[in-house]
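Here is a short briefing to read alongside your model. Please have the sequence and the 3D view open as you go.

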Amino acid sequence: MPVEITWWGHATCTVEDSNVRVLTDPLFARRLAHLRRRRGALPPPTAWHADVALVSHLHADHLHVPSLARLERGTRLLVPRGALRAVPGLRRLGHLRVTEVTPGDRLEVGGVVVRVVPAHHDGRRLPVGRHRSPALGYVVEGEARTYFAGDTGLFDAMAEEVGPVDAALLPVGGWGPYLGEGHLDAGGAAQALARLAPGFAVPVHYGTYWPIGMDAVRPHEFHAPGDEFARFAARRAPGVAVHRLGHGESVRLEVAR
């Protein structure tokens, strides 16, 4: 059975594997604080349907309470340990089955296993969050092993912690003209790809949101990371098939083990 990956924009993807729908970092907003969605239509209501939703860390463009509120009753929601204390709005989502997780956890959801892995990123609820929670990545193991990195920088044990994967959803940019520590740009994502050596990769976390009033400030950083990642990947990891999706586009992957 093929695995289907749909990119809705930013870090929001649907992974369909073994008849299980997995949604990553749901963000269904036209505007978020000083950010405006500049490319891609808002995900349709069909995107809100998932068996399990994965939240990688507490930053508001990854843990967006109004978007989570749109998920259907009974959806399982995995969030970093400490999130319920750090983000009180999560406690009002009584229609969801919320579970706090930490690296090393494994959870069965239907026909897949979700494995929680570390990420190198600031896990606080910014800008004034006092409580720290781990930033996470996830590996969805079913017909394929699909790695969702969340937000992360390179770290020495990445390949060992993530383990063998068939597909990787890697961040290649951001939502502003500069990337800080704990992020991957297109070149860094290609280095991660070389370490992980999956069969397939999909670049995410770029080309969707940009600060209001900053359209002319380093627009290259908004438009180019997906293409740059594909070019770098062709040199650093030539055996990996890179699928650069448009907003709302899907790819079906046939995985042979």
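Let's begin with charge: the protein carries 30 positive and 26 negative side chains, and the centres of the two sets are 7 Å apart. Lys and Arg count as positive and Asp and Glu as negative, while His and the chain ends are not counted; each charge is placed at NZ of Lys, CZ of Arg, CG of Asp or CD of Glu. This is a predicted model, in which local features need pLDDT of at least 70, side-chain atom pairs count only at pLDDT 80 or more, and totals for chains, interfaces and linings use all residues. Residues are numbered from 1 along each chain as its sequence is written, and side-chain values use heavy atoms, leaving out hydrogens and water.

**Overall build**
- Six helices and 17 strands make up the secondary structure count (DSSP runs numbered from the N terminus: H or I of at least four residues for helices, E of at least two for strands).
- The C-alpha trace spans about 45 × 45 × 35 Å along its principal axes.
- Of the 257 residues, 57% are buried (buried is under 20% relative accessible area, exposed over 50%, and partly exposed in between, with a 1.4 Å probe and protein chains only).
- Among contacts with a separation of 6 or more, 65% join residues 24 or more positions apart (contact means heavy atoms within 4.5 Å).

**Nonpolar cores**
- The largest nonpolar core has 54 residues, of which Tyr 138, Tyr 147, Leu 170 and Phe 229 touch the most other members (a core is a set of buried Ala, Val, Leu, Ile, Met, Phe, Trp, Tyr and Cys residues joined through side-chain atoms within 4.5 Å).
- Helix 4, residues 186-196, gives the most to this core, with six residues.
- A second, separate core of 20 residues includes Leu 23, Val 79, Ala 83 and Val 87.
- Beyond its neighbours within four places in sequence, Tyr 147 has contacts that include Tyr 138, Leu 170 and Leu 196.

- Not counting residues up to four places away in sequence, Arg 195 touches Leu 154, Phe 155, Asp 156 and Ala 159.
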